[in-house]
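Here is a walk through one model, from a loop residue to the aromatic rings and the helices around them. Keep the viewer open and follow along.

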Amino acid sequence: MDLFINVLKSIIFGIVQGITEWLPISSTGHLILLEQYMPLNVFGADMASNTAFWDMYKVVIQFGSIIAVLLLYWKSLWPFAKDIAPKKQRSILRLWIKIVVASVPAAILGLLLDDWIDEKMNTPVVVAIFLIVYGIVFIWIERREHTYTTKSIKEITYKKAFQAGLFQCLSLIPGTSRSGSTIIGETLLGFDRPTAAEFSFYMAIPVMFGASALKMVKMFMEGVVMNAAAWIVLLVGTLVSFGVSVIVIRYLMAYIRKHDFQVFGKYRIVLGVLILVLAFFKLI
């Protein structure tokens, strides 16, 4: 019965992860808030192991979202396809260099600050504050005059890739949103919306792979041994995250070709205020 309940919870977490990872509304923030009301207890009364599992789980189920990106953009990302033209192959390899360059800043800061962020920043109030702040920034960005100097992935320079990576560092703070941070940064750098969103997807690949591996290693170093229930719950969340991500990525790319990001900014502000009210009355 306990396994059944935890699997149901993991399905919900996977749905939330798959939706919020790609929309600029903070997937980690939503998962932290949801966990307040429906925690995973795959290790029964062993709260230390449950906490270590949750710290790993909320990052590793993002792996499903990454597989969705690889599936949807395989032709744009795999340089060793049969009969691929040399020019196309060189273009894809250059893209991967840009992705790596963009990932370096967040990778370094993530390694240095991971423990401190888990200890000090994973709170509803922090999530709420940054939901509101980024919501205001999104609305401001969309209402200002736009000058787009980068309108395709091919036009992204190594310098701009690195600069986008610096903005990605902001996503280490819960409530900011990785896609939100990168899209805001890329918009300020002159990327149009489709290019900003697509490159944001690509930037997530090495960062999320690395973060997932780091969390798994840290959990094992803490002496937590995954039981069968833990593996099942993790696998379910990851698979659901993958399926939902495929749908959301397709929807988002179609949406932003006709709309701006103001609706996400307004959503962030409303949710942030609601969380602050709940926190004030100690309901969260």
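Glutamate 155 touches Thr149 and Thr150 once neighbours within four places in sequence are left aside, where contact means heavy atoms within 4.5 Å. This glutamate sits in the loop between α7 (124–143) and α8; helices here are DSSP runs of H or I with at least four residues, numbered from the N terminus. Glutamate 155 counts as partly exposed because its relative accessibility is 41%. On that scale, buried means under 20% relative accessible area, exposed over 50%, and partly exposed in between, with a 1.4 Å probe and protein chains only. The C-alpha atom of glutamate 155 is 9.3 Å from that of phenylalanine 191, 36 residues away along the chain.

Before going further, a word on the coordinates. This is a predicted model, in which local features need pLDDT of at least 70 and side-chain atom pairs count only at pLDDT 80 or more, while totals for chains, interfaces and linings use all residues. Residues are numbered from 1 along each chain as its sequence is written, and side-chain values use heavy atoms, with hydrogens and water left out. The predictor's confidence in each residue, pLDDT, runs from 0 to 100; its mean over the protein chain is 90, and 100% of the residues reach 70 or more.

Now turn to threonine 20, which belongs to helix α1 (residues 2–20). Threonine 20 counts as buried because its relative accessibility is 4%. Its side chain reaches back to the backbone oxygen of valine 16, at 2.6 Å. Beyond the neighbours within four places in sequence, threonine 20 is in contact with Ile25, Ser26, Ser27 and His30.

Next come the rings. The whole structure holds 16 aromatic pairs, a pair being rings of Phe, Tyr or Trp (its six-membered ring) with centres within 6.5 Å; planes under 30 degrees apart are stacked, over 60 edge-to-face, and the rest tilted. Phenylalanine 53 and tyrosine 57 make a tilted pair, with 5.7 Å centre to centre and 35° between the planes. Both lie in helix α3 (residues 47–60), four residues apart, about one turn of the helix. An α-helix has 3.6 residues a turn, so residues three or four places apart point the same way. Phenylalanine 53 is buried at 0% relative accessibility, and tyrosine 57 is buried with a relative accessible area of 0%. These two rings also belong to one aromatic cluster formed by Phe13, Phe43, Phe53, Trp54 and Tyr57.

Tyrosine 73 and tyrosine 202 form an edge-to-face pair, at 5.4 Å centre to centre and 90° between the planes. Tyrosine 73 lies in the loop between α4 (62–72) and α5 (74–77) and tyrosine 202 in helix α10 (residues 193–221), so the pair ties together parts 129 residues apart in sequence. Tyrosine 73 is buried at 13% relative accessibility, and tyrosine 202 is buried with a relative accessible area of 0%.

Where do the buried residues of α4 pack? They pack against α1, α2 (27–37), α3, α5, α10 and α11 (228–256). The residues in question are Gln62, Gly64, Ser65, Ile66, Ala68, Val69 and Leu70.

Note on methods
Helix = DSSP H or I, 4+ residues; strand = E, 2+ residues; numbered from the N terminus. Polar contact = N/O pair within 3.5 Å; in protein donor to acceptor, adjacent residues only side chain to side chain.
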